Amino acid sequence: MDTRPSPIPERTSVTDGSGTNTTATVKAYADLLRLKFFFAWPLLFCAGLALGAAAYGTFSWGLLALGAFIGFFGFEAGLVLNDYIDRDLDKRDIENKRLTRYWRLFGKRPLPAGSVTPQAAFRLFALLFAVTLFLIACLPFPHSWFVVLILLYSYGVESFYQFVKRDQKFPVAQLLGRTDFALFPVAGYLCAGFPDATALAFFVFFYPFAMAHLGVNDLADVENDRAREMKTIPILFGQDGTVYWIYGFTLLHILGAALFFPYLGTIARFGLIVGLLLVGAANYLVFTGRGADAAMKALPLFHVSMAVYAATILVASIL
């Protein structure tokens with residue numbers, strides 16, 4: 001008789017009393033929230049906040065921490081809203097999910113996969129929205145009103161963007177809809193500052209970047225957007241037209257950088273130059289490749305450039 005103890009089975013997940021796979025649920029919500037890039041949203045928001053605080057002499061570490069939480073919860077709410085609105089169209093995805101794997105830690109879209117219900121996603125959006133409103137209310141007046149107005153506008157225009165790009169002949173959804181992303185660091189600025197020339201210059205600098213980034217992202221996802229019947233930039237203008245869209249908005253981004261340059265400290269100016277070089281390298285990849293593969297290679301360069309912009313503005317404004 002074999003008296004050796006039987007091996008203990010490996011425990012791969014944790015379940016609650018109802019049998020729900022807790023590990024799978026955690027992974028699903030991590031993908032829903034795009035937690036792979038959790039640091040990016042507060043970094044960008046706090047770059048604007050620190051710049052505004054430096055301009056008006058209102059900096060404090062407590063304000064910076066508050067801004068980080070506002071940026072995180074506010075942006076996450078927008079991401080969940082995006083998935084909630086597109087939950088049915090996302091079921092049509094046919095491409096090999098490489099863009100999904102890029103954005104999401106575990107490479108899944110939880111709503112079309114059924115791992116998160118639409119009702120649960122909407123409740124999560126409502127919770128994140130409520131938390132963000134509470135945090136914004138902790139800002140002094142009138143800064144709290146500046147930020148909440150941008151917040152409400154951004155969620156409204158995000159919904160507009162998701163619906164209108166389903167049926168349009170001109171990229172109205174993109175041109176208007178992506179103002180929400182361009183206003184995100186400006187909202188950070190208004191946590192400590194006021195609507196002024198610096199805030200305007202920040203928007204003029206960042207809006208063309210957001211539009212060029214949108215073109216790269218759409219080019220990388222063109223097959224899925226065709227299956228979803230979305231009127232994105234490559235569907236409206238073709239792949240070559242999208243390349244020129246990216247190239248044109250990059251040129252506007254460079255002009256915006258020239259306008260923004262005088263409002264920045266030395267470290268941030270250096271970061272601006274480095275970021276522009278990275279964006280230029282991304283444009284080169286897109287311009288020579290002219291397809292989804294080239295866009296996938298260029299997308300990380302856009303994101304690194306954004307991180308460089310934000311980090312150097314933040315550091316320059318604090319020092």
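Leaving aside neighbours within four places in sequence, which residues is Leu 66 in contact with? In this predicted model, Leu 66 touches Leu 135, Cys 138 and Leu 139, where contact means heavy atoms within 4.5 Å. Residues are numbered from 1 along each chain as its sequence is written, and side-chain values use heavy atoms, with hydrogens and water left out. Because the model is predicted, local features need pLDDT of at least 70 and side-chain atom pairs count only at pLDDT 80 or more, while totals for chains, interfaces and linings use all residues.

The protein has 14 helices and 0 strands, both being DSSP runs numbered from the N terminus (helices H or I, at least four residues; strands E, at least two). Read along the sequence, the pattern is accordingly α-α-α-α-α-α-α-α-α-α-α-α-α-α. The radius of gyration is 21 Å, close to the 20 Å that the globule rule gives for 319 residues, so the protein is as compact as a globular protein of that length. Here the radius is taken over C-alpha atoms, and the rule is 2.2 Å times the number of residues to the power 0.38. Along the principal axes, the C-alpha atoms fill a box of roughly 85 × 50 × 40 Å. Of the 319 residues, 50% count as buried; buried means under 20% relative accessible area, exposed over 50%, and partly exposed in between, with a 1.4 Å probe and protein chains only. Among contacts with a separation of 6 or more, 75% come from residues 24 or more positions apart.

Helix packing comes next. Two packed helices are described by the angle between their axes and the distance between the axes. Axes are lines fitted to C-alpha atoms, for helices over the stretch in contact, and angles run from 0 to 180 degrees between N-to-C directions. Helix H2 (residues 40-56) and helix H9 (residues 179-192) pack at an angle of about 40 degrees, and their axes are 6 Å apart. That makes H2 oblique to H9, on a scale where angles under 35 degrees count as roughly parallel, over 145 as roughly antiparallel, 65 to 115 as roughly perpendicular and the rest as oblique. The crossing of H2 past H9 is right-handed. A crossing is right-handed if the near helix is turned clockwise from the far one by less than a right angle, and left-handed if anticlockwise. On the H2 side, the residues making the contact include Trp 41, Leu 44, Phe 45 and Gly 48, while those of H9 include Phe 181, Phe 184, Pro 185 and Gly 188. The residues of this contact divide into 15 nonpolar, 3 polar and no charged. In this division Ala, Val, Leu, Ile, Met, Phe, Trp, Tyr, Cys and Pro count as nonpolar, Asp, Glu, Lys and Arg as charged, and the others, Gly among them, as polar.

A second pair is formed by H10 and H12, which pack at an angle of about 155 degrees with their axes 8 Å apart. H10 and H12 are therefore roughly antiparallel to each other. H10 passes H12 in a left-handed crossing, and the residues of their contact divide into 19 nonpolar, 7 polar and 1 charged.

Some single residues within helices are also worth a visit. Leu 66, the subject of the opening question, sits in helix H3 (residues 61-85) and is buried, with a relative accessible area of 17%. Its C-alpha atom is separated by 13 Å from that of Leu 190, 124 residues apart along the chain. Asn 217 belongs to helix H10 (residues 197-220) and counts as buried at 17% relative accessibility. Beyond its neighbours within four places in sequence, Asn 217 is in contact with Leu 99, Trp 103 and Leu 299.

Asp 86, in the loop between H3 and helix H4 (98-103), is buried at 5% relative accessibility. With neighbours within four places in sequence left aside, Asp 86 contacts Gln 162, Lys 165, Arg 166 and Met 230. Arg 34 is not a glycine, yet has a positive phi of about 50 degrees; this residue lies in the loop between helix H1 (22-32) and H2 and is buried, at 7% relative accessible area. Glu 229, also not a glycine, has a positive phi of about 60 degrees. Glu 229 is found in the loop between helix H11 (222-228) and helix H12 (233-260) and counts as exposed, at 53% relative accessibility. Finally, a cis peptide bond with omega of about 5 degrees joins Phe 141 and Pro 142, and Pro 142 lies in the loop between helix H6 (118-137) and helix H7 (143-164).
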